[in-house]
Amino acid sequence: GGTPKEPVILPAYSTVALIEDTADDPWALPELQSTGLKWSELDTKGKILRVLISIAKFFLLLGFLYMFVCSLDILSSAFQLVGGKAAGDIFQDNAILSNPVAGLVIGVLVTVMVQSSSTSSSIVVSMVSSGLLDVQSAIPVIMGANIGTSVTNTIVAMMQAGDRNEFRRAFAGATVHDFFNWLSVLVLLPLEVATGYLFRLTQLLIDSFNLETGEDAPDLLKVITDPLTKIIIQLDKSVINEIATGDLAARNKSLIKIWCKTFTNMTEMNVTVPGIDNCTSPSLCWTDGNLTWTLKNISEKFNLEKCNHIFVNSNLPDLAVGLILLALSLFVLCTCLILIVKLLNSMLKGQVAVVIKKILNTDFPFPFAWVTGYIAMVVGAGMTFIVQSSSVFTSAITPLVGIGVISIERAYPLTLGSNIGTTTTAILAAMASPGETLGNSLQIALCHFFFNISGILLWYPIPITRVPIRLAKTLGDRTAKYRWFAVMYLVLCFLILPLTVFGLSVAGWQVLVGVGVPVIVIFLVAIFINVMQSKWPQYLPKVLQTWDFLPLWMHSLKPWDRIVTSVMAFCGARVCCCCKCCKKNSSEEEGTGEKKTGSLEMYDNPALECSPETCEDSQDDTLKNTEQTSQTTPKTTNL
C-alpha cells in the first residue's frame, strides 16, 4: 500500500481580512512615521531645503485654513439664501412655538437651514423683544439651535470617508457633539417643562443685575475673512427677522444686499390719522373739518453707495444665487479639507508628531489627572470666543481627530468648551442690545449658557457618565463598515426626524402624544433589551436573548448594505464615462482573488472557480499559501 493521501483542506470563504492590521484597537492613535531621511543624515543643502519646504507647507496650511473658514461663511450665506425666508415663516407661527417639542425641532430645522446658531438665536431674540414670543417658549428653540449647529462638523467628517480608520475616528469625533446635545435635550427639556428651572434661574440673575447697554463682542475672525467673503456675497439678514416678526413687505425683499451706504433723513410732517387716539401726543393733535391731523416724524431713506460683491447687479432670484454659492462653497470646503489633511499628514511625522500628540493627549500626573479635561474645556471656549463660531472650531478639530493627532477622549472636552464659548459671545452680543430689549436678550443668552453647563454636569464629571463618547465610537464603527450609513444618519437626525415631529406638532399635541409616546416606549424597551443581551442575557427569556426572531432587515444592516451597494453599482455603471475601467474593477472585486489596497472586506474561495483539469493543482497551491499565511499571520483583523 502507498502512503495515505493527506486530506485537502480548502480555504474558507472568509469575510475577514487576511492581513493583520498595525494596531489591534482601531481607536488607538496611529504612529505617523517619517519616511524621509533623518535630520542628522542630511547635508547643509538638504537641511536648508527641508526648512524652506516646512515653512512653505506651514504658509500653505494657513492659506488652506483661511479658505476653509471663508467657505464655511459662504456656506452659511448660501443656506440663508436658499432657506432663510422659509425659516422666517416657520418662526412666525407662534401657536406651534408654544409647544416645547415643536419649538425644539423648529430650532433644529432653522439652524440647519441657515447653518448658524447665532442667526437663529438672533431671530428668537428679536421675536422676544418685539413681544411675539415669551422667554419660556423661546428656551426649547434655543436648545434646538444648539443641536442644529453640530451638523456642520458632521458634514466635514464625511469628507474623510476615503480611509476607513480615518473616517471612523473623524465621524466619531464629530458626532460626539451631536450625542451630547441630543442626550442633554432628552433630559433637560422635560425637566424645564416640568419645573422651569432655566427660566427661574436666569430671571433671578437678570433681576439681581444692574443692566446697562455695553459694547458688542469683538468679532476677530470677521476682520480677517470679510475682505474675501464680502467680494463674493453680502446679505441683509434683517429681512429674515422682519419676516419672523410679521412684516408682510419683507416677503418681497431680497436677502442680497444691494446698497451698502444709505442715509436716513428724519423730518417732521403733518399727517392725517384715523382719530385723536392715534395722535403722537394730545398737544400735537388738531382737527380740520372731518380730518384729524398730527405732527409725526417721517423717515426717508436715501441710497448712497452700492455694494461691491459679484451678485450686486445680477437679476437672479435668491434661490438661484443660493444654489450657486452652495455648490461653490461645498467644492472649496471639500478641496481645502482634503489638502489640509494631506498637508498635516506630511508635516506631522516623526518627532514633531510625538511632541504634539503628547501635549494634546497626555493627562496631568496622578492626583490632578481630572484637571486636564477641564483645561481642555477652557481652551475650547477660548478658541471659540476668538473665532466667534463653534462650527468653525469643531470643524477644524474634526480632521485632526481623523488623522489621529487628537484622541476622541480629548476632542470631547474641547467640544464641550466650544459649546460654552459660543454662549459667551451670545451673552456679550446681548449686552450690546438697546435698553428696552436688553433684559430679554440677556435672559435667552443666559438660558443657552446654563443649558450647556447643565449638560456638562450630566455627561462629563464622572467617567462612567461620558455616554456620548461610547455612543460616538459605536456609530464610528458602524459607519466605517457601512459608509453610506453616515449619509443616512445625517438625513435622519437633522431632517427627517425634526420634520416628522414638526408635522405631528402642526396636527396638534394630541396627535404628537398619540404617535410619539408609543414610539419612545418601543425605543426605550429596545435599548433595555440590548443592554440586557450584552450584560446579563441569562435573565432574559430564551427568545429575547438574541434578535434572531425578527426578520434580518430589522436587526442588521447587511440586507440594506446589499441594496445600497447594488443601487450604487447600477448607478456607477450608467454614469461612469470610463466603463472599461469600471468593469475591470468590478471583475477584480468579484473573482480574480487579487488583493486591493485599502480595506479588504471579502475573499473568494479559488476552489469554487477553478476548472476540473486545474482544480487539483490549484488546491495544492492554495493549501501551501494558506499554511504560509497561517504561520505569518496568527491573528486576523479588519483593515
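Accessible areas were calculated by the Shrake-Rupley method with a 1.4 Å probe, and for residues only the protein chains shown count as cover. On this basis the accessible surface of the chain comes to about 35,300 Å², of which 65% belongs to carbon and sulfur atoms. The structure is a predicted model, in which local features need pLDDT of at least 70 and side-chain atom pairs count only at pLDDT 80 or more, while totals for chains, interfaces and linings use all residues. Residues are numbered from 1 along each chain as its sequence is written, and side-chain values use heavy atoms, with hydrogens and water left out.

The chain contains 23 helices and three strands, where helices (H or I, at least four residues) and strands (E, at least two) are DSSP runs numbered from the N terminus. Of the 639 residues in the chain, 40% are buried; buried means under 20% relative accessible area, exposed means over 50%, and partly exposed lies in between (1.4 Å probe, protein chains only). Among the contacts (heavy atoms within 4.5 Å) with a separation of 6 or more, 76% are accounted for by residues 24 or more positions apart.

Helix H3 (residues 100–114) has 15 residues and spans 21 Å from its first C-alpha to its last, close to the 21 Å expected at 1.5 Å a residue, the expected span being 1.5 Å times one less than the number of residues. Because twelve of its 15 residues are buried, H3 is largely enclosed by the rest of the structure; the buried residues include Ala102, Leu104, Ile106 and Val114. At the start of H3, a side-chain oxygen of Asn99 reaches to within 3.0 Å of the backbone nitrogen of Val101, and just after H3, Gln115 takes a positive phi of about 55 degrees.

Asn153, found in helix H6 (residues 151–157), counts as buried at 2% relative accessibility. Leaving aside its neighbours within four places in sequence, Asn153 is in contact with Ala174, His177, Thr394, Ser395 and Thr398. A polar atom of the Asn153 side chain lies 3.4 Å from the backbone oxygen of Ala174, and the C-alpha atoms of Asn153 and His177, 24 residues apart along the chain, are separated by 8.9 Å.

The structure holds three salt bridges, each defined as a side-chain nitrogen of Lys or Arg within 4 Å of a carboxyl oxygen of Asp or Glu. In one of them, Asp477 pairs with Arg168, with the closest N and O atoms 2.9 Å apart; this pair links distant parts of the chain, since Asp477 is in helix H17 (residues 467–481) and Arg168 in helix H7 (residues 164–195), 309 residues apart. Asp477 is partly exposed at 33% relative accessibility, whereas Arg168 is buried at 14%. Another salt bridge joins the side chains of Glu305 and Lys261 (3.7 Å, N to O), linking strand S3 (residues 291–306), which holds Glu305, with strand S1 (residues 259–273), which holds Lys261.

A nonpolar surface patch of about 780 Å² is made by Trp39, Ile48, Val51, Leu52, Ile55, Phe58, Phe59 and Leu62. Patches are made of residues with over 30% relative accessible area and no salt bridge, like charges being joined within 9 Å and nonpolar side chains (Val, Leu, Ile, Met, Phe, Trp, Tyr) within 5 Å. One of the patch residues, Leu52, lies in helix H1 (residues 44–92) and counts as exposed at 53% relative accessibility.

Conventions:
Polar contact = N/O pair within 3.5 Å; in protein donor to acceptor, adjacent residues only side chain to side chain.
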